[in-house]
Amino acid sequence: MKIFFSTEEVAQQLEIPITSVDFYVRTFRLNILKVGKNRKYSHTDIEKLQKIVDLIHKEGFTIEGAKDKLKAKEIKSSINDEVILRLKEIRKTLEFIKVGLE
């Protein structure tokens, strides 16, 4: 299984022109690994681009609307991560109390 993909491969996979891939990378300020003059896209990078393409081409968002939507998802994701971390800490505390009671 490939780890990195070229711009051409990403464009083909997302079914958009290469120029659109480059435009979205610049516009959404995606941090893509560069090797020489070529970009190398990871699976995570492709997933981010797929979300952008879906928002713009399928759901009809503007560029600014897509940026806002992605920011809202990032905020929600960070809040969820914080809640999960708190719950894990509570679980550890409860397990410690359980062991103490036995």
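## Basis of the values

Because the model is predicted, local features need pLDDT of at least 70 and side-chain atom pairs count only at pLDDT 80 or more, while totals for chains, interfaces and linings use all residues. Residues are numbered from 1 along each chain as its sequence is written, and side-chain values use heavy atoms, with hydrogens and water left out.

## The nonpolar core

A nonpolar core is a set of buried Ala, Val, Leu, Ile, Met, Phe, Trp, Tyr and Cys residues joined through side-chain atoms within 4.5 Å. Buried means under 20% relative accessible area, exposed over 50%, and partly exposed in between, with a 1.4 Å probe and protein chains only. The largest core has 20 residues, and those touching the most other members are Val10, Val21, Tyr24, Phe28, Tyr41 and Leu49. Two or more residues each come from helix H1 (7-14), H2, H3 and H4. H3 gives the largest share, six residues. Helices here are DSSP runs (H or I, at least four residues), numbered from the N terminus.

Tyr41 has contacts (heavy atoms within 4.5 Å) beyond four places in sequence; among them are Ile3, Val10, Val21, Ile32 and Leu49.

Helix H2 spans residues 18-27, and its buried residues include Ser20, Val21, Tyr24 and Val25. After H2 comes Arg29, with a positive phi near 50°.

Rings of Phe, Tyr and Trp (its six-membered ring) pair if their centres lie within 6.5 Å; planes under 30 degrees apart count as stacked, over 60 as edge-to-face and the rest as tilted. The whole structure holds two aromatic pairs. In one of them, the rings of Tyr24 and Phe28 have centres 6.3 Å apart and planes at 70°, so this pair is edge-to-face. Tyr24 is buried at 5% relative accessibility, and Phe28 is buried at 13%. Ring pairs join Phe23, Tyr24 and Phe28 in a cluster.

## How H1 meets H3

The axes of H1 and H3, lines fitted to C-alpha atoms over the stretch in contact, come within 11 Å and cross at roughly 45°. The two helices are therefore oblique to each other; angles under 35 degrees count as roughly parallel, over 145 as roughly antiparallel, 65 to 115 as roughly perpendicular and the rest as oblique. Val10, Gln13 and Leu14 of H1 meet Ile46, Leu49, Gln50 and Val53 of H3.

## The loop at Phe61

Phe61 lies in the loop between helix H3 (43-58) and helix H4 (63-101). Phe61 is partly exposed, at a relative accessible area of 27%. Beyond its neighbours within four places in sequence, Phe61 contacts Leu55, Ile56, Ala66 and Lys69.

Notes:
Axes fitted to C-alpha atoms, helices over the stretch in contact; angles between N-to-C directions.
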